[in-house]
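The sequence and the structure come first.

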Amino acid sequence: MNVNRTVNRVINKIHTSLATRKHLEFIRDHAAELRKLPGGADRYKVALHFPDAMVNAYQVRQWYEPLLALAEFVPVVIIVRNPDAAMHLFKECPLPIHFAPKIEDVERLVQSQDLRVVFYVNQNIRNFQIMRFNSPDHVFICHGESEKAYMWSNQLKAYDYVFSAGQAAHDRLQKHLRNFDASTRCRLVGRPQIDVHYASPIDLDNELPTILYAPTWEGDRPSMNYGSVLSHGEQLIDELTRDGGFNIIFRPHPRSGQNSKAYRQALERIKMQLSTTNEDSQAQFIFDDSAHWGWQWSVADACVTDISAIAYDFLATGKLLYVTKPVSEDASLVDSPALAQVPTLKANEIKDFASSARDALADQSLWQQELVNYYFGDITPGASMQRFISESLALVEKHSEAGR
């Protein structure tokens with residue numbers, strides 16, 4: 001047993017070494033683009049700092065389009081610290097990628113450019129390496145709105161500003177963070193991602209309603225154990241596939257199974273069930289592990305998800321939404337206007353879910369506009385994107401007025 005573990009470790013090290021060599025060779029071959037430092041009016045004014053590996057790329061991908069819209073007004077760059085991410089994001093990202101693995105590389109960029117604003121999508125500890133620079137405003141934009149405890153982490157105090165979706169986020173920060181003035185440090189920008197057109201990669205049979213099941217991952221600590229794959233997922237997929245009256249898009253969180261073998265195995269069983277059942281059903285059953293998130297909102301008629309950012313992205317569509325109730329007693333739960341009004345799906349209620357969902361879809365009732373406004377503000381087409389651009393440019397211009 002010990003011998004096998006030793007062999008596996010050696011093999012993993014070899015694979016890692018080969019992969020790293022591949023990444024570094026790519027970076028060397030594309031050094032002119034990945035190390036470019038523009039001059040004059042082309043110098044970068046806005047950056048997004050992404051120090052993670054590709055496992056967390058979903059966090060930065062959702063900001064491509066809003067940053068592209070902002071780049072029409074000021075030069076924008078994405079700072080990448082990991083060689084794997086540098087290679088892959090360079091290939092897929094429509095914005096400039098600057099590879100800065102060491103702090104001296106970051107320092108060279110900051111000193112040569114005209115950075116006014118640096119955005120952050122997560123709480124990676126390496127954020128603090130660039131946050132030591134006083135001149136740009138450091139702004140936390142996160143990777144989604146939710147009621148997870150992550151959203152009021154005490155770490156938010158480290159940033160100059162927090163860009164949040166709506167009044168709900170402001171109130172959440174005001175309530176949970178001590179010595180933090182949300183009225184001055186929280187800027188409400190809506191959810192600019194809802195103003196992006198996402199082309200669907202699939203054609204669904206519109207004669208049947210489509211349900212999106214998008215559970216979050218199992219979390220990395222007891223208080224973040226919101227994932228429903230083990231408690232709800234297999235039962236739910238079994239119920240819907242046996243019913244046969246719904247198209248299903250199963251979209252697991254990209255980090256699902258990272259910390260739990262049982263969670264990972266349940267995902268594989270669901271994937272197998274969707275694949276085998278799909279052969280004999282009029283409905284379409286899709287296991288979606290694609291890189292892009294957004295098109296699912298437009299094609300789905302209803303969504304089942306967990307306490308996560310997906311619930312709030314889908315809330316803005318006004319369509320039928322269910323949020324699973326965590327079975328773990330350790331999961332951190334707070335009073336929430338959204339969770340109080342959105343239907344809750346308990347693990348022991350799945351047996352009758354297909355019929356109840358069908359009845360709810362036939363009712364065609366939409367969520368109260370007041371609830372959507374509270375979480376997102378004005379969601380008329382283009383409003384969120386405009387707020388994001390306006391608030392970003394206001395910070396950029398603040399530096400100009402200061403004589404930078």
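The second largest pocket is lined by 20 residues, and those nearest its centre are Pro 252, His 253, Pro 254, Ser 256 and Asp 289. The model is predicted: local features need pLDDT of at least 70 and side-chain atom pairs pLDDT 80 or more, while totals for chains, interfaces and linings use all residues. Residues are numbered from 1 along each chain as its sequence is written, and side-chain values use heavy atoms, without hydrogens or water.

A pocket is an open set of points on a 1 Å grid over the protein atoms alone where a 1.4 Å probe fits, with protein on both sides within 12 Å along at least five of seven lines; lining residues have an atom within 4 Å of a point. Helix H11 (261-277) and H3 each supply at least two residues of the second largest pocket's lining; H11 gives the largest share, 4 residues.

The largest pocket is lined by 48 residues, with Tyr 58, Gln 59, Gln 62, His 143 and His 253 nearest its centre. Helix H3 (57-61), helix H4 (64-70) and helix H13 (309-315) give two or more residues each to this lining.

| Pocket | Volume | Lining by class |
|---|---|---|
| Largest pocket | about 1100 Å³ | 19 nonpolar, 18 polar, 11 charged residues |
| Second largest pocket | about 300 Å³ | 9 nonpolar, 4 polar, 7 charged residues |

Gly 377 follows H16 and has a positive phi, near 70°.

Technical notes
Grid points are joined across faces, edges and corners, and a volume is the space filled by probe spheres set on the points. Ala, Val, Leu, Ile, Met, Phe, Trp, Tyr, Cys and Pro count as nonpolar, Asp, Glu, Lys and Arg as charged, and the others, Gly among them, as polar.
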